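Please look over the sequence and the structure shown here before reading on.

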Amino acid sequence: MARKSQVPSAYYGEPRKFDPTFRGPVYNRGCTDVLCCVLFVIVILGYIALGTVAWIHGDPRKVIYPTDSTGQFCGQKGTPNAKKAILFYFNILKCASPAVLINLQCPTTQMCVSKCPDRFATYTDMQLLYRFNKSHWDYYKQFCKPGFNNPQKSVAQVLRDEDCPSMIVPSRPFLQRCFPDFITRNGTLTVANKTAFKDALDTARSVTELRDAANGITSIHEAKEVGMKIVEDYASCWYWIVIGLFIALVISLIFILLLRFTAGFLLWFIIFAVILLVAYGIWHCYWEFAVLRETPGADVTISDIGFQTDLHVYLQLSQTWLVFMVTLGLTEASIVLMLIFLRKRVRIAIALLREGSRAISYIMSALFYPIITFVLLAICISYWAMTALFLASSGDAVYKVASGNPNCKYANQTCSPESFNRTNITKQCPGAQCLFAFYGGESLYHRYIFILQLCNLLVFLWLVNFTIALGQCTVAGAFASYYWARRKPADIPPCPVFSSFSRALRYHTGSLAFGSLILAVVQLIRVILEYLDHKLKGAHNAFARFLLCCLKCCFWCLERFIRFMNRNAYIMIAIYGKNFCTSAREAFYLLMRNVVRVAVLDKVTDFLLFLGKLLIAGSVGVIAFFLFTRKIPIIQEEVPVLNYYCVPLLTVILGSYLIAHSFFSVYAMCVDTLFLCFCEDLERNDGTTAKPFFMSPGLKRILGKAEQSPKKSRG
């Protein structure tokens with residue numbers, strides 16, 4: 001087998017020379033990148049301190065429970081509002097004010113109640129009826145301020161002091177808030193069969209005004225509405241989701257076992273199964289599109305209806321299914337074209353995966369290492385989420401002046417509820433109130449909450465990337481010990497996964513942290529760019545949008561490149577035990593000296609594994625689709641009715657893909673490690689008795705053909 005490099009070695013370093021003492025992964029090694037290791041430990045201690053400070057100052061109840069005008073939580077156990085879990089607005093008509101969107105608060109008194117009103121009533125009507133039946137006051141006063149019990153007080157004084165609402169309307173709880181109970185009858189919007197009513201001052205009001213006021217509030221809580229419905233769906237069908245993920249786990253395990261013995265047949269089966277699965281998706285989308293095209297009103301475009309909280313609306317549009325069909329069609333065409341033009345490489349990649357299966361059969365414990373990665377990632381995500389929640393809920397109650405008068409100069413200024421009535425604000429701005437606005441503060445800690453959130457995100461990304469890097473280095477070290485074993489399996493060290501994990505954690509924490517930090521910084525920049533892009537969506541500065549788009553594209557490419565280089569650097573660290581920069585440089589030079597093999601073999605192997613993950617996720621997804629849409633007659637009655645069946649469906653599909661990915665990632669790392677070791681072996685040895693190859697005859701035959709193919713094409 002010829003060993004000439006495809007790229008002149010002068011550009012990418014000299015190939016390694018024969019070393020008779022080299023026997024695979026270096027066991028006598030020292031610590032690398034110690035400075036970065038020390039920094040990493042300090043950052044972790046600082047992260048623990050940040051979480052502790054956030055836990056001391058934060059209070060998640062501020063996010064979970066609605067808060068009344070006095071800053072008290074609604075529905076919190078152990079408080080006077082324990083049985084009052086719903087927020088009631090005294091004058092919901094004021095919520096139609098632009099101040100709702102500007103200051104994120106409705107300029108009216110808000111109090112906690114146990115239930116919403118179920119009838120129309122005004123304070124004036126109550127006073128008239130109270131003379132004949134005291135029960136009218138007993139009902140009305142539950143929506144007045146606690147302690148107020150003077151139904152004889154004049155309407156003007158009650159409205160001035162905000163003792164009671166001027167009127168109540170039939171409402172229902174929504175997002176733990178009382179909203180008018182709108183019902184459409186014969187195309188007309190009504191509340192309790194009424195389209196008009198009068199307030200306490202005998203002013204005519206329409207249901208349209210109530211709708212506008214409710215929209216002023218719901219525009220703020222729209223996202224929370226979707227979130228609450230999604231939580232309800234998860235609560236009602238979580239066990240079906242678990243069953244779906246368990247099925248994906250079983251299929252993945254069966255697939256791994258079959259791959260050991262029937263790699264060729266199974267991978268070709270995957271290829272054609274994915275093609276048929278996508279073809280079925282195209283047919284189904286076309287069928288839905290053809291039916292809706294003949295349905296009146298289904299030709300409305302997605303842009304015309306805008307954002308809708310009811311996701312079923314989009315599935316009633318023909319354009320939605322057209323988009324799905326085109327997307328699946330492009331996917332199908334891409335897969336078929338790749339198979340046509342890379343069919344020879346696909347056969348070689350299948351043989352390479354068969355060799356990887358042989359390696360995994362000797363180190364089966366590597367298949368279960370993703371469980372450790374999953375647990376570590378779950379800890380990182382949970383700690384980050386809790387820290388972010390406690391940071392977001394840090395601070396004391398802040399009260400601000402709320403006035404319906406746009407000319408009030410005190411509007412949105414900080415105030416104190418205890419001394420507000422003694423100031424001259426109420427005289428200069430009639431009707432102004434001192435209402436709870438949000439939680440915050442003026443201390444140094446509160447001023448830098450946003451910076452602390454960014455630090456929380458950066459350390460989280462760092463820890464996540466470190467966890468992944470630790471797994472990659474561990475698995476690479478285990479399979480490198482397999483490759484460089486002269487007699488397989490006799491020379492494979494005992495407990496190769498545990499030994500590799502111990503070496504990586506003991507000697508190379510600094511190197512893994514170094515590579516992870518570089519990737520985390522790039523990811524943080526990408527997050528910031530996405531945030532800026534979201535903020536500039538309404539801007540008309542075309543140049544700024546173009547520049548931001550270019551930056552996003554560049555940093556996306558940079559992140560992909562760094563991921564690729566880090567992965568190969570960790571393999572070199574696992575083999576030679578050198579620092580990160582040296583390992584990254586040597587891995588880069590080695591790959592560039594074998595660039596043709598990298599391009600046509602390594603990536604084709606990744607493509608085949610991706611098809612396997614796609615097949616598992618797609619198969620479980622099809623079953624979940626028929627399950628959640630209640631189209632399986634045997635268990636139709638057992639499946640709960642969902643608000644958005646697509647949410648648990650996507651959860652099952654994504655979860656199945658991640659489960660398959662966790663198993664297949666071991667295969668991918670095995671193939672990458674074997675490939676890099678093969679390139680090293682090819683440069684160190686020549687196959688003679690004095691310099692024998694470490695590679696197996698099967699691997700030599702596979703990659704020998706891969707090397708000869710470019711020469712034939714050049715000839």
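## Disulfides and their surroundings

Cys178 is buried, with a relative accessible area of 4%. The model in which this residue sits is a predicted one, and the values given below are to be read with that in mind.

A disulfide is a covalent bond between the sulfur atoms of two cysteines. The structure holds three disulfides, and the table sets out their distances.

| Disulfide | S to S distance |
|---|---|
| Cys74 and Cys112 | 1.9 Å |
| Cys116 and Cys178 | 2.2 Å |
| Cys144 and Cys164 | 2.0 Å |

Cys178, with which this report began, is joined by a disulfide to Cys116, and the link of these two cysteines is left-handed, with -95° about the S-S bond. Because Cys116 lies in the loop between β2 and β3 (121-122) while Cys178 lies in strand β6 (residues 177-180), the pair ties together parts that are 62 residues apart in sequence. Cys116 counts as buried too, at 9% relative accessibility, since buried here means a relative accessible area under 20%.

The disulfide of Cys74 and Cys112 has a torsion of about -75° about its S-S bond, so this disulfide is left-handed. The pair links distant parts of the chain, with Cys74 in the loop between α2 (61-64) and β1 (86-89) and Cys112 in strand β2 (residues 110-113), 38 residues apart. Cys74 is buried at 0% relative accessibility, and Cys112 is buried at 3%.

For Cys144 and Cys164, the torsion about the S-S bond is about 110°, so their disulfide is right-handed. This pair also links distant parts of the chain: Cys144 is in the loop between α5 (135-140) and α6 (155-161), whereas Cys164 is in the loop between α6 and β4 (167-168), 20 residues apart. Both Cys144 and Cys164 are buried.

## Salt bridges

Side chains of opposite charge can pair when their charged atoms come close. The structure holds nine salt bridges, and a few of them are described here.

The side chains of Lys552 and Glu530 meet in a salt bridge, with a distance of 3.6 Å from N to O. Since Lys552 lies in helix α19 (residues 542-576) and Glu530 in helix α18 (residues 509-535), this pair ties together parts that are 22 residues apart in sequence. Lys552 counts as partly exposed, at 24% relative accessibility, and Glu530 is partly exposed as well, with a relative accessible area of 39%. These two residues also belong to a network of salt bridges that links Glu530, Asp533, Arg545 and Lys552.

Another salt bridge is formed by Glu586 with Lys578, where the closest N and O atoms are 3.0 Å apart.

Arg119 counts as partly exposed, at 38% relative accessibility.

## Helices

Helix α1 (residues 34-57) has 24 residues, and at 1.5 Å a residue these should span 34 Å; the C-alpha atoms at its ends are 35 Å apart, which agrees with that expectation. Within α1, the buried residues are Cys36, Phe40, Tyr47, Leu50, Gly51 and Ala54.

Two packed helices are described by the angle between their axes and the distance between the axes. The axes of helix α13 (residues 369-392) and helix α16 (residues 449-483) come within 10 Å, and they cross at roughly 180°. An angle over 145 degrees counts as roughly antiparallel, and α13 and α16 are therefore roughly antiparallel to each other. Sorted by class, the residues in the contact of α13 with α16 are 17 nonpolar and seven polar, with no charged residues.

Note on methods. Residues are numbered from 1 along each chain as its sequence is written. This is a predicted model: local features need pLDDT of at least 70, side-chain atom pairs count only at pLDDT 80 or more; totals for chains, interfaces and linings use all residues. Side-chain values use heavy atoms; hydrogens and water are left out. A salt bridge is a side-chain nitrogen of Lys or Arg within 4 Å of a carboxyl oxygen of Asp or Glu. Buried means under 20% relative accessible area, exposed over 50%, partly exposed in between (1.4 Å probe, protein chains only). Helices (H or I, at least four residues) and strands (E, at least two) are DSSP runs, numbered from the N terminus. A disulfide is a pair of cysteine sulfur atoms within 2.5 Å. The expected span of a helix is 1.5 Å times one less than its number of residues. Axes are lines fitted to C-alpha atoms, for helices over the stretch in contact, and angles run from 0 to 180 degrees between N-to-C directions. Angles under 35 degrees count as roughly parallel, over 145 as roughly antiparallel, 65 to 115 as roughly perpendicular and the rest as oblique. Ala, Val, Leu, Ile, Met, Phe, Trp, Tyr, Cys and Pro count as nonpolar, Asp, Glu, Lys and Arg as charged, and the others, Gly among them, as polar.
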